[in-house]
Each structure stands twice: as C-alpha cells, then as structure tokens.
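Hi,

Here is the structure I promised to pass on.

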Amino acid sequence: MLTAEGVSAFSRQVWDKVLSKVKKAVVFMDDRCTECLHWNGAVASLLEAGARNLKQFSSFESGGENEPKAVFVVSTLLKGRTADVIRDIIRLSRFQYCVVFTAVPHSVHLLANDVSADLEGNPVFERFEEKLCEWMGNMNFTAEVMHAPVVLAPVAPQLVLLPAFGDLFPLLTDDLETINRKRPEKKRLGSLVDLDMHCLPQELQIQIKTLASGLNAMFEFANVREESFALGPLSRIIAGELANHAQSKARRKNAPNKASVVFIDRTLDLTGDGPVTVCSTGAVGHHGDSLVEKILSVLPPLPGHRCDVQVDMLELTDLPHTPETQGTLAPGCLAQPQDRAACALWEAMLSGRQKEAVMEVRRHLVEAASKENLPIKMSMGRVTADQLLAHVRLFRGHWEALESHCGVLQLSLATAQTLRHPHLPLWDTCLASERLLLQTLGDSDLPAVLKQIQSLVKGGAEGGARWGLDELLVLLVYVYSVAREAGPEEEGARPEEEGAELEVMGALTLLLTQQTQLSPLVQRLTGCVSVGELTAETAHTTVERVFRTLRGLGHARRHLKHLRSTYSPGDGVHQATYRPLLKLVLEEIFHPDRRDCPDIEHMSAGLTDLLKTGFSMFMKVSRPHPSDHAPLLLFLVGGVTPSELRLVRETVSAHKPSTQVLVLSTRLLSPKDVPELLFGTERLFPDIGV
C-alpha cells in the first residue's frame with residue numbers, strides 16, 4: 001500500500017544507501033540533492049552516519065590533506081559540466097577512494113550517449129569509475145559509481161516534492177513554435193496536444209525519463225501497480241513514459257497493491273485555488289488565507305533552495321539588530337524533519353488558514369515555555385507578531401530549552417518576521433486589485449482591464465505607487481490567465497486589444513529602464529545583473545517576450561471538453577468567481593455516478609489495455625477510472641501552492657473522506673515563482689548538468 005508513511009520510508013531507504021558510504025568521507029552534493037536531503041533528515045543524518053564534512057559541489061572546493069575518501073551526490077548526468085566539477089575537485093585533493101551517486105539511471109545515461117541497444121551491466125558507470133581512478137592518479141585506487149533516486153522530499157505527510165525537477169514546467173505556445181522551426185514544414189505540429197516524447201529536445205527527454213524512473217522506483221518499493229491518468233500535454237507525455245517504462249511493465253504484472261496517479265499541467269490553471277464562493281486566487285494570486293504562502297513570498301530564500309527560507313535567529317540572542325550583526329548567525333529554516341513537535345506545527349501551518357495557523361504557533365510556543373517552566377503570560381484574542389516575539393525571547397540564555405525546542409522556535413520566528421515584514425501590506429493591495437480586475441473582466445473586456453493595469457504601471461514609474469515590476473508581472477499573468485476565457489475566443493487579438501497591449505508594453509518598458517536596482521526576477525528575465533547593463537533595446541525585447549508568452553496562457557484549456565470553463569463573470573448581485581480546476585478535477589473523480597471525463601486521459605500500458613479500449617467500443621467494458629483505486633496521487637507538474645493543499649483536503653473530505661490523497665509536485669509555489677517559470681526558464685532545454 002502506497003501511504004504517506006510508505007513514501008517517506010522509500011525516501012529514507014534511498015538515502016540510507018548513500019549514508020552507508022559516507023563514513024569518514026567528505027561529501028560533495030549539488031543544490032538539488034542538498035534540498036532533498038534537507039527534508040530527509042538534514043545534514044545531521046550525514047554526520048551521524050560518520051561523514052567528516054558536507055561541501056558544495058563546486059570546482060572551487062576540495063578535500064583536506066587528511067581526507068582520503070570522497071562521496072559525490074548529484075542529480076544530473078555524469079558528463080559535461082558535472083564530470084568537469086568532479087574532476088576539478090579530485091585533482092585539487094588527495095583522494096584514494098571515491099564514490100559517486102547520481103539520480104539519473106544508467107538507461108538514461110545510455111540515451112544521453114546516443115546508445116540505443118540494451119547492453120549488459122553498466123558500461124557508462126564502469127567507464128566513469130576508470131576516469132575517477134585516472135583523476136585520483138592511481139588506477140589501483142578505489143572508485144564506485146551507482147544510481148540512487150534521491151528525488152523525493154517529503155515536506156509534509158500529504159505533500160511530496162521533487163526538487164531535482166523544480167524547473168520542469170508545462171510547455172507553452174512559443175515552445176511549440178521553437179520545436180516547429182526545427183521540423184520540416186509538412187511535419188510541423190498544429191498544437192501542444194500533438195506533442196509526443198520524440199518531438200522534444202534530448203535535454204527535456206532526459207529530464208522526463210529520469211522523473212519517470214524515480215516514480216517507478218517508488219512504486220516498486222511499495223509493490224504497487226498504478227493506473228496513470230493525465231490532464232494536459234506535458235502530463236500526458238510524463239504519464240505515458242511511466243506507463244511504458246521497461247521496469248514498470250514487469251512490476252505491474254505481479255504487484256499486489258494498486259493506486260491511481262493523475263498528472264495535471266500547472267498551466268491549465270494559474271489562477272484558481274480558492275473557495276468557489278469568493279473571488280479565488282491561485283498560483284499567481286495573493287490568497288489571503290495561507291500563512292506559508294506569505295512566508296515564502298516575503299522572507300529571503302535559503303541559499304540553493306526553492307522551497308525554504310532564511311529565518312533571522314538574532315531574537316534568540318542578546319545581540320543588537322544592527323547591520324554589523326546581520327549574518328553573524330546561521331539562519332533558521334522551515335524544514336525540521338527530526339523534530340516531532342515542529343513537524344506537527346509545520347503541517348498545521350501548511351494546511352490551515354492563516355488565523356488558525358498563527359494561533360497554532362502561539363499554542364506550541366506556550367506549551368514549550370510551560371514545559372521549561374519559563375514565566376510565560378497567557379493571553380487571549382488576536383495573535384500579533386510582537387506577542388510571538390515576546391514568547392520567543394523567554395528562551396534566551398536557556399540553552400537546554402533552546403536545544404529542545406529549536407524547531408518550534410524557528411517556525412515561530414518565521415511567522416513573526418512575516419507578520420511584521422514591510423512588504424506584507426503589499427500582499428493585501430495585490431489581492432484587492434486582483435478581485436477588482438476579475439470583476440471588471442465580468443463587466444467589460446481585456447482592453448478595459450489593461451487600461452487599469454497601465455495606470456498602475458505609470459504609478460510605479462512615477463513613484464506614486466508601491467507596485468514594483470515583480471508585482472506587475474504577477475498581475476499580468478493573473479489577468480491573461482482569466483481574460484481569454486472571460487472574453488470571446490478569437491484566434492487573434494482585436495484591434496482595441498492590440499492597442500491597449502501596446503500602451504501597457506510601452507509603459508512597462510519605460511518603467512524597466514527607470515529601475516534603480518534589479519530584482520532577482522528581473523535579472524533573470526533580462527539577463528542583466530546591474531542597471532548599467534540594461535539598455536532600452538534589452539528592456540523592449542524582454543517586454544515583447546513576456547507578452548508573447550502571456551497571449552498563449554488563456555488558451556491552455558482550449559482542447560478540453562468538460563473542464564474547459566472555470567470562470568463565472570457574475571452579475572449585478574453576485575461577484576465574479578473562478579472555480580479552481582483542481583476542485584473541478586476532484587469533483588469529477590469522486591462524483592457518485594462515476595462519470596467518464598474525457599479530459600482525464602487514461603494512459604494505456606500495453607496491448608492488453610489497448611484491446612480493452614477497442615472492445616469497449618462494442619461491449620460494455622468499463623474504462624479505468626481514477627477513483628478505482630486508493631490511494632489517489634495527484635501530481636501537479638509545475639508546482640503546487642499551500643492553498644491548493646488545503647483545497648484538496650477540504651474537497652476530498654466533502655466527497656469521499658475515507659480516501660487518502662497524496663499530492664506530489666515539482667516545487668512549492670508562491671506568486672513570484674510563476675513569472676520566473678513562465679518568462680525566465682528554459683522549459684525546452686533544462687539544465688541536466690551537461
């Protein structure tokens with residue numbers, strides 16, 4: 001049975017394979033594997049297993065004079081840049097024993113080396129072992145290379161992330177144009193729905209095959225036969241790859257346990273994840289009810305991580321808050337996998353509404369202080385940041401109490417620092433604007449909304465508003481995700497729409513050239529590190545590229561039949577609403593009539609399933625349905641928000657409370673992440689370490 005505990009057990013087993021080799025070794029690990037370890041026991045598990053040190057996977061690192069053993073853990077192929085870094089580290093060190101773990105299976109290494117034949121053994125890994133000995137300077141030294149699918153990060157009991165695939169995002173119309181430019185005119189594809197694995201660049205194929213291999217290993221551990229379903233073009237390719245994976249075919253013949261897994265493209269709904277009775281906001285919306293979404297949005301990210309933040313720990317010391325003391329302490333974080341109380345608090349923060357989550361933080365603080373006999377003053381009513389900080393300060397100087405409750409204290413500090421953060425009021429401003437624009441779309445059309453956005457852009461340019469470029473990009477994604485459904489379905493933009501777009505583009509270009517400093521998002525979009533590098537031409541090209549992507553967003557559901565419409569324009573009495581696609585999908589799956597939804601495509605895994613499908617045209621043969629098996633796994637390709645986790649829990653509880661639903665995704669999203677994935681990520685050519 002594939003339960004939340006089973007997924008965690010699988011992840012621990014994979015890391016145990018790595019930990020069995022780290023005794024007396026210096027460990028070099030890339031960022032994606034480090035983030036995975038971060039949620040699987042953290043660095044403490046390495047040190048407890050006997051590792052001497054953990055270092056960044058970088059050509060500027062090396063082992064010490066008295067460190068003869070090294071272990072490398074990487075999420076990428078053992079060639080190109082990855083191989084160069086390993087070589088550089090070894091040549092700067094005096095290793096006599098090297099072990100390399102890669103999350104990419106040997107079969108995918110064969111593909112990367114253009115080998116199509118099935119070969120005995122692991123010749124690519126064996127050849128790399130020889131290279132390791134060459135770099136160590138003695139062919140008699142010991143080298144081992146092996147595959148370990150260190151891809152899962154159990155962030156919460158019902159949520160599993162795959163950090164190695166954090167940049168994997170569903171393809172858009174401009175990606176299709178890029179693919180078509182390399183194909184003969186007669187073989188060009190008409191839409192994203194026509195894509196298959198062989199149409200994709202090799203880099204993306206390798207990433208998808210590595211993902212399918214990792215999921216297959218998880219199902220193999222749990223002895224599960226899965227039925228795969230897909231909603232969206234990229235999800236269909238991933239589900240098809242899993243269904244036709246060479247090892248999974250053998251597993252599914254004998255596996256006693258069953259499960260359903262539904263892959264869903266993030267681009268099918270970048271907007272809705274809130275309750276249907278109010279104006280809903282989602283992946284790019286500033287939902288007002290999630291504490292964790294606000295934490296991820298306002299606190300600085302933990303270096304090298306996508307799903308964790310830095311927590312300032314100065315409140316636990318007597319050091320003053322001055323520029324000189326900043327950075328003197330290692331930051332805290334959200335992940336506390338070895339602290340049961342902190343794990344319980346984190347789950348409450350992740351799945352609850354903000355008011356409930358903040359009260360739970362206070363409750364845990366009060367309980368911790370009471371256990372340590374600290375002079376805490378009970379208070380009722382609204383919880384404030386100052387109140388939480390006052391409780392945290394009680395632990396100062398009590399070293400045993402600090403050690404015992406360090407996890408809860410870090411989560412409490414993250415909450416307090418978020419509640420008092422100067423950028424937090426902008427969240428409410430964004431939320432109010434999104435609601436207003438959604439209502440305007442119901443009353444009018446896209447040109448009218450673009451005029452409102454133009455006034456916000458000009459306000460930002462004149463310094464009369466608090467809107468920054470990052471927030472404006474989020475707002476544009478929000479509007480275009482809704483607008484195409486709210487308005488008519490012309491293939492091209494109408495003249496008034498084109499005129500309104502040009503005015504907004506001009507205002508954005510001007511605002512971009514007037515920046516005094518560039519945010520990380522703007523740096524990634526423009527390719528410029530400093531303001532001096534950003535020319536008017538670069539700004540104009542960047543804005544054009546952004547709008548080219550925006551225009552394709554609203555058509556992402558055009559190929560769907562039953563799940564095509566999520567927007568309700570409202571009227572003079574009722575507010576415009578947006579029904580989240582995820583909610584619609586779950587309602588279809590758990591409908592008591594077990595309706596057949598053609599949009600949720602079952603991925604066949606061989607001749608038997610094809611025959612069943614063919615016979616069903618003439619006989620009463622029931623098609624596989626996602627509700628046939630428990631548990632149900634929802635895999636959101638492109639990221640999931642904390643609000644969506646609560647949505648899943650509430651919807652399942654209302655329709656089929658006995659069913660266990662696990663959510664898997666490539667990353668935990670905050671609104672600012674989506675523009676980066678849309679405009680600043682090489683979706684067709686992901687970084688595979690080559």
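Helix α2 has its buried residues covered by several elements, including α1, β1 (26-29), α3, β3 (69-74) and β6 (153-156). The buried set in α2 is R32, C33, E35, C36, L37 and H38. That makes six of its eight residues, so α2 is largely enclosed by the rest of the structure. Keep in mind throughout that this is a predicted model.

For the overall picture, the chain has 26 helices and 14 strands. It runs to 690 residues, and 56% of them are buried. If you take contacts between residues at least 6 apart in sequence, 76% of them join residues at least 24 apart.

The largest pocket comes out at about 1300 Å³. Its lining has 43 residues, and S297, D470, E471, S519 and K672 are the ones nearest the centre. Two or more lining residues come from each of α11 (291-298), α17 (424-443), α19 (469-486), α21 (520-526) and α26 (673-679). Sorted by class, that lining has 21 nonpolar, eleven polar and eleven charged residues.

The second largest pocket holds about 1000 Å³ of space. It is lined by 37 residues, with S107, K209, E241, H245 and A246 closest to its centre. Here the elements giving two or more residues are α1 (4-19), α5 (106-112), α8 (202-222), α9 (233-243) and α10 (246-254). Of these, α8 gives the most, at seven residues.

Is A250 buried, or partly exposed? Its relative accessibility is 47%, so A250 counts as partly exposed. A250 and R225 are 25 residues apart along the chain, and their C-alpha atoms are separated by 9.9 Å.

I get six cavities of 30 Å³ or more. The largest cavity has a volume of about 100 Å³. Which residues line the largest cavity? They are L469, L473, L508, L512, V522, L525, T526, T542, V543 and V546. By class the lining has eight nonpolar and two polar residues, with no charged ones.

Helix α22 is worth a quick geometry check. It covers residues 536-553, and at 1.5 Å a residue its 18 residues should span 26 Å; the end C-alpha atoms are 26 Å apart, which agrees. Its buried residues are A539, T542, V543, V546, F547, T549, L550, G552 and L553. T542, V543 and V546 from that list also turn up in the lining of the largest cavity. As a reminder on reading such lists, an α-helix has 3.6 residues a turn, so residues three or four places apart point the same way.

Last, the aromatics. The count comes to seven aromatic pairs. One of them is W39 with W346, a tilted pair at 5.9 Å centre to centre and 35° between the planes. W39 sits in the loop between α2 (31-38) and α3 (42-48), while W346 is in helix α12 (residues 340-351), so the pair ties together parts that are 307 residues apart in sequence. Are these two tryptophans buried or exposed? W39 has 7% relative accessibility and so counts as buried. W346 is at 4%, so it counts as buried too.

F128 and W135 give another pair, with ring centres 5.7 Å apart and planes at 85°, so that one is edge-to-face. Both of its residues, F128 and W135, are buried. There is also an aromatic cluster formed by F28, F72 and F95.

That's the lot from my side.

Cheers

Terms used
Residues are numbered from 1 along each chain as its sequence is written. This is a predicted model: local features need pLDDT of at least 70, side-chain atom pairs count only at pLDDT 80 or more; totals for chains, interfaces and linings use all residues. Side-chain values use heavy atoms; hydrogens and water are left out. On a 1 Å grid over the protein atoms alone, a cavity is a set of points where a 1.4 Å probe fits but cannot get out, and a pocket is an open set with protein on both sides within 12 Å along at least five of seven lines; lining residues have an atom within 4 Å of a point. Grid points are joined across faces, edges and corners, and a volume is the space filled by probe spheres set on the points. Helices (H or I, at least four residues) and strands (E, at least two) are DSSP runs, numbered from the N terminus. Ala, Val, Leu, Ile, Met, Phe, Trp, Tyr, Cys and Pro count as nonpolar, Asp, Glu, Lys and Arg as charged, and the others, Gly among them, as polar. The expected span of a helix is 1.5 Å times one less than its number of residues. Buried means under 20% relative accessible area, exposed over 50%, partly exposed in between (1.4 Å probe, protein chains only). Rings of Phe, Tyr and Trp (its six-membered ring) pair if their centres lie within 6.5 Å; planes under 30 degrees apart count as stacked, over 60 as edge-to-face and the rest as tilted. Contact means heavy atoms within 4.5 Å.
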